[in-house]
Amino acid sequence: LPLLAGCARQRVEAPVSAEPAAVREERLLGLAQWEARGRVAFKSVDKGGQGSLQWLQTGSAARIRLSGPFGAGAYEINWMPGQITVYSGGAEAALEYLGPDAVERFLAEQVGWSFPVGSVRYWLLGLADPATPAAEQADAQGRLRELQQSGWVVRYEDYAQGAATWLPHKLVIEREDVRVRFVIDKWVL
């Protein structure tokens with residue numbers, strides 16, 4: 001994680017939007033498609049890693065591309081509720097997992113822990129997953145600063161003003177044994 005912590009970019013703080021939090025939330029929940037590009041790093045009790053991230057969300061389906069430094073260890077994960085297909089290193093053969101616990105089984109095999117991908121699609125946008133109870137703390141502009149949901153804590157460290165609204169730039173998702181840090185450099189709405 002220290003490698004990502006050293007990556008900084010100069011930002012010019014945009015004027016604070018007068019958009020009410022409820023309007024922002026409704027707009028983001030109504031998106032038919034969005035894309036986030038940036039970097040991700042994770043650390044668990046006995047493993048860690050980092051790489052680039054491209055997350056394309058279309059409705060309830062996601063295509064997630066992860067790759068290590070210089071494209072090493074590339075994965076493409078096509079996720080839909082109840083199904084995940086994983087392509088590794090550009091290989092034509094794919095691993096396919098079916099069932100409500102598909103993502104959890106894949107992650108347990110690969111990294112030894114599960115991750116709530118269905119909720120992360122909302123967390124990346126700076127929203128709570130509407131399907132699960134949450135405890136939220138917001139800043140003066142109504143943007144999430146901290147979220148506790150499904151046994152995870154999400155901390156929003158920085159936002160950037162996009163063309164449409166404020167979107168997370170840096171966030172950390174963690175529970176007692178796992179920490180995942182996202183730095184989103186580009187949003188496409």
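**Strand pairing and pocket lining**

User: Which residue is the bridge partner of V40 in β11?

Analyst: This is a predicted model, in which local features need pLDDT of at least 70 and side-chain atom pairs pLDDT 80 or more, while totals for chains, interfaces and linings use all residues. Residues are numbered from 1 along each chain as its sequence is written, and side-chain values use heavy atoms, without hydrogens and water. Strand β1 (residues 33-44) runs antiparallel to β11 (residues 178-188) over 10 bridges; strands are DSSP E runs of at least two residues and helices H or I runs of at least four, numbered from the N terminus, and a pair needs at least two DSSP bridges. In β11, V40 is bridged to F182.

User: How many residues lie between β1 and β2 in their hairpin?

Analyst: β2 covers residues 48-58 and pairs with β1 in the antiparallel sense over 11 bridges. Within this pairing, W34 has Q57 of β2 as its bridge partner. The number of residues between the two strands of the hairpin is 3.

User: Which residue of β11 is the bridge partner of V172?

Analyst: β10 (residues 166-175) and β11 run antiparallel and are joined by 6 bridges. In β11, the residue bridged to V172 is R181.

User: Which strands stand at the edges of the sheet?

Analyst: The open sheet has 11 strands with antiparallel pairing, in the order β6-β5-β4-β3-β2-β1-β11-β10-β9-β8-β7. Each edge strand has a single partner, so one of its sides is left without a neighbour in the sheet. The edge strands are β6 (94-98) and β7 (134-138).

User: Which element gives the most to the lining of the largest pocket?

Analyst: The largest pocket has a volume of about 640 Å³. Of its 31 lining residues, F42, L66, I77, L107 and V111 are the closest to its centre; a pocket is an open set of 1 Å grid points where a 1.4 Å probe fits, with protein on both sides within 12 Å along at least five of seven lines, and lining residues have an atom within 4 Å of a point. At least two lining residues come from each of β1, β2, β3 (61-67), β4 (75-80), α3 (102-110) and β11. With 7 residues, the element that gives the most is β2.

User: How many residues of that lining are nonpolar?

Analyst: The lining of the largest pocket includes 9 polar residues and 1 charged residue. Ala, Val, Leu, Ile, Met, Phe, Trp, Tyr, Cys and Pro count as nonpolar, Asp, Glu, Lys and Arg as charged, and the others, Gly among them, as polar. The number of nonpolar residues in this lining is 21.

How values were computed
Points joined across faces, edges and corners; volume = space filled by probe spheres on them.
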